[in-house]
Amino acid sequence: MSKITVIGAGNVGATCADVIASRELADELVLLDIKKGIAEGKSIDIMQTAALREFNTRVTGVTDDYAATEGSDLVVITSGIPRKPGMTREELIGTNAGIVKSVTENVLKHSPKAILVVISNPMDTMTYLTVKTSSLPANRIIGMGGTLDSARFKYYLSRALNVPASELQGFVIGGHGDTTMIPLIRFAAYNGIPVSELLTPETAAQVVADTMKGGATLTALLGTSAWYAPGAACASLVESVLRDQKRVLPCCVSLNGEYGQSDIALGVPVVLGKNGWEKIIDYKLDASEQAAFNKSADAVRSMNKVLAEMKVV
Ligand code: APR
């Protein structure tokens with residue numbers, strides 16, 4: 001019997017719940033939101049697809065009732081506010097840090113053994129906050145960014161190569177922001193063939209650039225951030241943990257000297273299993289990739305500094 005809680009029943013949270021339920025990754029899923037009725041309504045809507053899509057996961061929605069989340073094996077945190085026009089980065093971090101911190105405290109009161117998946121933005125900073133303030137073992141805190149960015153990387157590669165995205169291998173590491181992520185084009189492959197043998201340098205550079213602005217492109221089109229790919233990326237990660245699949249997916253995790261960085265949470269490839277992230281895969285970066293990773297760490301660290309200035313960590 002496994003139980004998942006998803007905090008935040010907005011676009012991303014509800015889509016995570018929908019994909020998790022339809023793939024029967026848990027027996028029970030609780031959707032929680034602070035806004036009255038929204039989680040209840042979305043969970044009933046999802047449950048009314050069960051007869052059509054033939055799944056047995058039981059989804060229930062609650063308004064801010066953490067008792068209902070009792071004994072969750074895994075909790076996905078999507079609660080927060082999106083950045084609004086005129087809002088500074090500091091204001092966004094301040095508001096979402098308050099939300100993520102209080103949500104985590106409430107969650108852990110009822111599910112002290114849970115694995116936490118952090119999606120709220122700025123995701124690298126929210127993951128770092130959770131590592132610093134929750135007193136959980138670091139391997140039980142997983143930031144969901146790299147899995148999504150890597151899926152977008154494969155989408156752009158698949159278009160450039162005219163092959164199915166599922167036939168491609170490719171990792172995005174570093175921060176989740178559009179200037180901090182690093183699509184590792186040198187390691188990307190089509191069934192083992194390096195994509196550098198199949199694409200011109202110009203096309204490869206375009207794929208990297210498109211991947212980096214992948215989220216922003218959708219925000220401009222939709223007027224808010226995307227949800228289908230974030231929901232599916234979250235479900236892949238959840239599946240590897242709950243089914244102990246030991247898949248390697250890029251996730252934001254606490255670094256302790258790996259990739260030359262410490263006291264930071266940043267995207268690297270990790271093995272995901274029943275203990276959370278179980279191992280960091282150490283790619284041998286070349287000098288320019290390592291320089292990009294260090295630059296990404298500097299940018300994320302400057303955002304993390306806001307937490308210390310606000311005395312949240
Ligand atoms: N407790 C529970 N739910 C909360 C809280 C809280 N303290 N504060 C806000 N929420 C809920 C809101 O009521 C809303 O329903 O979080 C939900 C957020 O949903 P959306 O505004 O639709 O945002 P969404 O697009 O789902 O994105 C959620 O994921 O990708 C990131 O940048 C994105 O940080 C954002 C998060």
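What is the handedness of the crossing of H1 and H9? The crossing is right-handed. The model described here is predicted.

## Helices H1 and H9

Helix H1 covers residues 11-22 and helix H9 covers residues 228-242; their axes come within 8 Å and cross at roughly 50°. An angle of 65 to 115 degrees would count as roughly perpendicular and one under 35 degrees as roughly parallel, so H1 and H9 are oblique to each other.

On the H1 side, the contact is made by Val12, Thr15, Cys16, Val19 and Ile20. On the H9 side, Tyr228, Pro230, Gly231, Ala232, Cys234, Ala235 and Val238 take part. By class, the residues of the contact of H1 with H9 are ten nonpolar, two polar and no charged.

## Helix H5 against H4

Two packed helices are described by the angle between their axes and the distance between the axes. For helix H4 (residues 89-110) and H5, the axes come within 10 Å and the crossing angle is roughly 45°. H4 and H5 are therefore oblique to each other. Their crossing is right-handed.

From H4, the residues that meet H5 are Ile93, Asn96, Ala97, Val100, Lys101, Thr104 and Leu108. Their partners in H5 are Thr125, Met126, Leu129, Thr130, Thr133 and Ser134. The contact of H4 with H5 divides by class into six nonpolar, six polar and one charged residues.

## Helix H5 against H10

H5 also packs on helix H10, which covers residues 287-309; the two axes come within 9 Å and cross at roughly 50°. That angle makes H5 oblique to H10. The crossing of H5 with H10 is right-handed.

In this contact, Asp124, Thr125, Tyr128 and Leu129 of H5 meet Val300, Met303, Asn304 and Leu307 of H10. The residues of the contact of H5 with H10 comprise five nonpolar, two polar and one charged.

Is Ser120 buried or exposed? Ser120 has a relative accessible area of 4%, and buried means under 20%, so Ser120 is buried. Ser120 is placed in the loop between strand S5 (115-118) and helix H5 (123-134). The side chain of Ser120 reaches the backbone oxygen of Ser79 at 2.6 Å.

Apart from neighbours within four places in sequence, Ser120 contacts Ile77, Thr78, Ser79, Val100 and Met126. The peptide bond from Asn121 to Pro122 is cis, with omega near -5°.

## Residues with positive phi

Ser135 lies in the loop between H5 and strand S6 (141-143). Ser135 is not a glycine, yet it has a positive phi of about 60°. With a relative accessibility of 73%, Ser135 counts as exposed.

Asp263 is not a glycine either, and its phi is positive, at about 50°. Asp263 is found in strand S13, residues 262-273. Its relative accessibility of 44% makes Asp263 partly exposed.

Where is Asp65 placed? Asp65 is in the loop between strand S3 (58-63) and strand S4 (74-77). At 35% relative accessibility, Asp65 counts as partly exposed. A polar atom of the Asp65 side chain lies 3.2 Å from the backbone nitrogen of Ala67. Asp65 and Thr217 are 152 residues apart in sequence, and their C-alpha atoms are 36 Å apart in space.

Ile38 belongs to helix H2, residues 38-47. Ile38 is partly exposed, at 24% relative accessibility. Not counting residues up to four places away in sequence, Ile38 touches Ala9 and Asp33. Ile38 and Thr200 are separated by 162 residues in sequence and by 48 Å in space, C-alpha to C-alpha.

Conventions: Residues are numbered from 1 along each chain as its sequence is written. This is a predicted model: local features need pLDDT of at least 70, side-chain atom pairs count only at pLDDT 80 or more; totals for chains, interfaces and linings use all residues. Side-chain values use heavy atoms; hydrogens and water are left out. Helices (H or I, at least four residues) and strands (E, at least two) are DSSP runs, numbered from the N terminus. Buried means under 20% relative accessible area, exposed over 50%, partly exposed in between (1.4 Å probe, protein chains only). A polar contact is a pair of N or O atoms within 3.5 Å; within protein, one must be able to donate a hydrogen and the other to accept it, and residues adjacent in sequence count only if both atoms are side-chain atoms. Contact means heavy atoms within 4.5 Å. Axes are lines fitted to C-alpha atoms, for helices over the stretch in contact, and angles run from 0 to 180 degrees between N-to-C directions. Angles under 35 degrees count as roughly parallel, over 145 as roughly antiparallel, 65 to 115 as roughly perpendicular and the rest as oblique. A crossing is left-handed if the near helix is turned anticlockwise from the far one by less than a right angle, and right-handed if clockwise. Ala, Val, Leu, Ile, Met, Phe, Trp, Tyr, Cys and Pro count as nonpolar, Asp, Glu, Lys and Arg as charged, and the others, Gly among them, as polar.
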